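Please keep the sequence and the 3D view open while reading.

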Amino acid sequence: MVHYPAWDQDEARSIVSGLSHLEGATLPILHALQEEFGYVDPQVVPLIAEVLNLSRADVHGTISFYHDFRTAPPPRRIVKLCRAEACQALGCDTVVEELAREHGIVVDDHGSQEAVVETVYCLGNCALGPSALIEGELIGRANADRIAALCGARQ
Amino acid sequence: MSEAIRIFVPIDAAALSVGADAVAQAIAREAQARSVAVEIVRNGSRGLLWLEPMVEVETLEGRIAYGPVAARDAAALFEAGFHKGDVHALRLGPVDELDWLKRQQRLTFERVGVTDPLSLADYRAHDGLKGLERALSLTGAEIVEEVRESGLRGRGGAGFPTGIKWKTVHDASATQKYIVCNADEGDSGTFADRMLMEGDPFLLIEGMTIAAIAVGATRGYIYLRSEYPHAHKALQRAILKARNAGLLGASVLGSGKAFELEVRLGAGAYICGEETSLLESLEGKRAIVRAKPPIPALQGLFGKPTIVNNVLSFAAVPWILTHGAKAYADYGMGRSRGTLPVQLGGNVKRGGLIELAFGISLREIIEDMGGGTLSGRPIRAVQVGGPLGAYLTAQQLDTPMDYEALAGIKAMLGHGGIVVFDDSVDMAKQARFAFEFCAKESCGKCTPCRIGATRGVELVDKIIAGHERPKNLAVLRDLNKLMTDASLCAMGGLTPMPVMSALNHFFEDFDRPPAERLPLAAE
Ligand SMILES: Cc1cc2nc3c(=O)[nH]c(=O)nc-3n(C[C@H](O)[C@H](O)[C@H](O)COP(=O)(O)O)c2cc1C
Ligand code: SF4
Ligand code: FES
């Protein structure tokens, strides 16, 4: 389980200025912030805008365009479950149904602070699906019990 | 002490997904407990994914494969003398004799699974860098001509001739040119880019460096999707090693020509695979598709001439430079020259990566190599070419893997991914999903795609519910035509392909009596 430090604007500032020399620095900066704090706090937007000489709207627009970036602290555990075609062919929809029915885990429900199962489309493991990714670890031939266990849910 | 026995345990993400790390640890533990000296090499995957983790042991008779190995098998394997290549229930025999591998024509993937992906010495020992060395002895124009003559077409999906793209950038004059590798690999059913980046990252680096030398570019970026953390690690390490060895940097292999290479992570957006959207993303913006012209070859990254190619396109180039354009062009059929790394996935018994000359039929791949469905039920539909590709019927599987042959049956090859479905699939649901995916992943720039996809979901829902079916089917066909004709890029323009193929080939799924509503008491 990943534990992130609370947002620290000074630390954020040093991350932003440390990467601002890169060509097209916005995404590397956003990734670095999210890696450090688990999310990108909206209070960093004016800072990035100023350092990279962009409008705030540009920076906000970039953050909101991409599925990866979060603007609020993440749940403790995020399991990404592939629901693209090859995993569909291997029954990922059944996994989603069983997670709800047997384990009370609703995919893409961000209500919980503990664990969230999120939909992604293809993890490049299409011959060994259903596939999931948790904290950088790829899981093949996944089923609902396994995913629920990864979420730390009681069986 | 005698020489350590070399044991290969793949570090490919797919192998890791079914326990390869635990296997490597168990083997190390057992070896130590028995005082057997072993060197565990973490190689790429040979692509027999249903046999992962597939472990290989180096013996005097060559490398012997065992698989699929679980951590709990380690003790019994040593018991049986697997470290000497001895018999055990999991023994598959000499790797080079495995039917699945023997049938392939591996050019791009020749080293994947064979070498230690992060050893530059191993890379060199297996003919690595020969292409770049040759390129450094040629003029830019000569390199471009070699690539053109090979007949190589972009492996990312559109199949545009790589040599012509390179020539455009070569002929453009500019203070700065860029080489961009499209490693977004967003298509469902595709994983060849990932396997190559994890299994032979120096090959991609070499291919991009050759491109840079050819057109006079000094900076390059690999735009990698964030869903590939293992490939990210492999590329980062490989680039660092390449730089330390003088393969990248101010003077590539002492040639005086500079090339700097960096990996950049995407952020979970399928549209970033579209090249202009990818460039916007690299520039730090919302990834909204650009209208073409201007083409990226003339005005690409930061407005400068830019080569954008897929991982496999770059990775094919070192072989072409090493062995000559003609040797490459001798593989293939028609206007599809060379080899195609096919990715077989979904409901299939033996899924994985198969590199073959263009022209093999889908049936040979799915039935002979793949062994049919994993569930053992009949094949009903096969989607080729990713989420924007057509669904084919079992009767259409004699079509060869070739850009034109597939276009001839209103399908597409795309990035070479094949996804197999058995007869439990509901094709109306798959058509709905195609629209849903397009609606979620659309960049939003143009109306037919942004609004059309959402309307498409609603229409399919009405049809499934049996609501004014004939009328809504007509509207659906109309909408598909509009999206095909009026979308700015292939996201909106090709979403009708899976939808219409589902509708045309599997109409019965759109014409069932609507599902009974549950009695109120049960709700
Ligand atoms: C919606 C969409 C998604 C795409 N995704 C990818 C991708 O993931 N990888 C890729 O190499 N090309 C992708 N392409 C094709 C690229 O736009 C482009 O043609 C390709 O990167 C050019 O390289 P190539 O000529 O080597 O294939 C996509 C195109 C579209 C329209
Ligand atoms: S077709 Fe869709 S993804 Fe392509 S430019 Fe239009 S809105 Fe964007
Ligand atoms: S479709 Fe699920 S991993 Fe590719």
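## The open sheet in chain B

In what order do the 5 strands of the open sheet in chain B stand? The order is β13-β12-β16-β14-β15, and the pairing is mixed. The model discussed here is predicted.

The edges of this sheet are taken by β13 (352-357) and β15 (391-393) of chain B. Each of these has a single partner strand, so one side of each is left without a neighbour in the sheet. On average, neighbouring strands are turned by 30° against each other, direction ignored.

One parallel pair in chain B is made by β12 (residues 339-346) and β16 (residues 417-422), which are joined over 4 bridges. B:G345 has B:V419 of β16(B) opposite. In general, strands of a sheet pair through backbone hydrogen bonds, in either a parallel or an antiparallel way.

## Helix α21 and its cover

Helix α21 (residues 496-505) of chain B packs on the sheet, where it touches β14 (379-384) and β15 of chain B. The direction of the helix makes about 25° with that of β15(B).

Most of α21(B) is covered, with 8 of its 10 residues buried. The buried residues are B:P496, B:M497, B:P498, B:V499, B:M500, B:S501, B:A502 and B:L503. Their cover includes the strands β14 and β15 as well as the helices α17 (427-441), α19 (469-486) and α20 (490-494), which belong to chain B.

In B:N182 the side chain supplies an N or O atom, 2.9 Å from an oxygen atom of ligand 1. B:E185 instead has a backbone N or O atom at 3.2 Å from a ligand oxygen, and for B:R155 a backbone N or O atom lies 3.4 Å from an oxygen of ligand 1.

## Cysteines

How many disulfides are there over all chains? The count is 0. A:C92 is in no disulfide, and the nearest cysteine sulfur, in A:C87, is 5.7 Å away. A:C92 is buried, with a relative accessible area of 0%.

Conventions. Residues are numbered from 1 along each chain as its sequence is written. Chains are lettered from A and ligands numbered from 1 in the order in which they are written. This is a predicted model: local features need pLDDT of at least 70, side-chain atom pairs count only at pLDDT 80 or more; totals for chains, interfaces and linings use all residues. Side-chain values use heavy atoms; hydrogens and water are left out. A disulfide is a pair of cysteine sulfur atoms within 2.5 Å. Buried means under 20% relative accessible area, exposed over 50%, partly exposed in between (1.4 Å probe, protein chains only). Two strands pair if DSSP finds at least two bridges between them. Helices (H or I, at least four residues) and strands (E, at least two) are DSSP runs, numbered from the N terminus. Axes are lines fitted to C-alpha atoms, for helices over the stretch in contact, and angles run from 0 to 180 degrees between N-to-C directions. Contact means heavy atoms within 4.5 Å. A polar contact is a pair of N or O atoms within 3.5 Å; within protein, one must be able to donate a hydrogen and the other to accept it, and residues adjacent in sequence count only if both atoms are side-chain atoms.
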